[in-house]
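Visitor: I am new to reading protein structures, and I would like to go through this one slowly. Could you show it to me and then take my questions in turn?

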Amino acid sequence: LRVLLPAPVLTRRARQIGLGMVTVATDPTGNLLRLSAGPGGALQVEEAPTLDGSQLVLRPRAIMLLGQRAPQQLARSITERATLTRNLHAPLGLRATDVRVVGGGLEIDLASRGQTLIRTHRQAAKRRC
């Protein structure tokens, strides 16, 4: 089962960091969320989503200010505010097995007892052959 956390939800979460107006862009190829804040996106924060057991973790991987690596004190402050750890309370004994960035936001795979509950179209076609 795949669940999508759409980009607008991620944008609301990013604004709660306290950096003013923030936009969120997805980079599925790099599996990154790119947060931009300030005039012209002067502050850039790259986050890579991961799972830690049943927790979703969004932690800054790189922080840039005006195209340069942010000063250490600023980077540390932003990392403290921007790091998010949330328990994924899935129903019916489901557990998160994977998280990735897709064009529309974050996609989380849920499974039960090691078995995928819903097969993708590609998996179903393979099984019929």
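**A walk through the chain**

Guide: The accessible surface of the protein chain comes to about 8,300 Å², and 52% of that surface belongs to carbon and sulfur atoms. Please keep in mind that this is a predicted model.

Visitor: What is the mean pLDDT of the protein chain, and which element has the lowest mean pLDDT?
Guide: For the protein chain, the mean pLDDT is 83, and 87% of the residues reach 70 or more. Among the elements, strand 6 (residues 68–69) has the highest mean, 95, whereas the lowest, 49, belongs to helix 3 (residues 121–128).

Visitor: What share of the residues of the protein chain counts as buried?
Guide: A residue counts as buried when its relative accessible area is under 20%. Of the 129 residues in the protein chain, the share that counts as buried is 35%.

Visitor: Is Leu74 buried, partly exposed or exposed?
Guide: Leu74 lies in helix 2 (residues 72–82), and together with Leu65 and Leu66 it forms a nonpolar patch on the surface, with about 260 Å² of accessible area together. The category between buried, under 20%, and exposed, over 50%, is called partly exposed. Because its relative accessibility is 31%, Leu74 counts as partly exposed.

Visitor: Which residue in strand 3 is the bridge partner of Val24?
Guide: Strand 2 (residues 22–27) and strand 3 (residues 32–37) pair in the antiparallel sense over six bridges. These two strands form a hairpin with four residues between them, and in the turn Asn31 has a positive phi of about 55°. In strand 3, the bridge partner of Val24 is Leu35.

Visitor: Among contacts between residues at least 6 apart in sequence, what share joins residues at least 24 apart?
Guide: A contact here means heavy atoms within 4.5 Å. Among contacts in the protein chain between residues at least 6 apart in sequence, the share that joins residues at least 24 apart is 44%.

How values were computed
Residues numbered from 1 in each chain as written. Predicted model: local features only at pLDDT ≥ 70, side-chain atom pairs only at ≥ 80, totals over all residues. Heavy atoms only, no water. pLDDT = per-residue confidence, 0-100. Buried < 20%, exposed > 50% of the residue type's maximum accessible area, 1.4 Å probe, protein only. Areas by Shrake-Rupley, 256 points an atom, 1.4 Å probe, with all protein chains shown as cover. Patch = residues over 30% accessible without salt bridge, like charges linked within 9 Å, V, L, I, M, F, W, Y side chains within 5 Å. Salt bridge = Lys/Arg side-chain N within 4 Å of Asp/Glu carboxyl O. Pairing = 2+ DSSP bridges.
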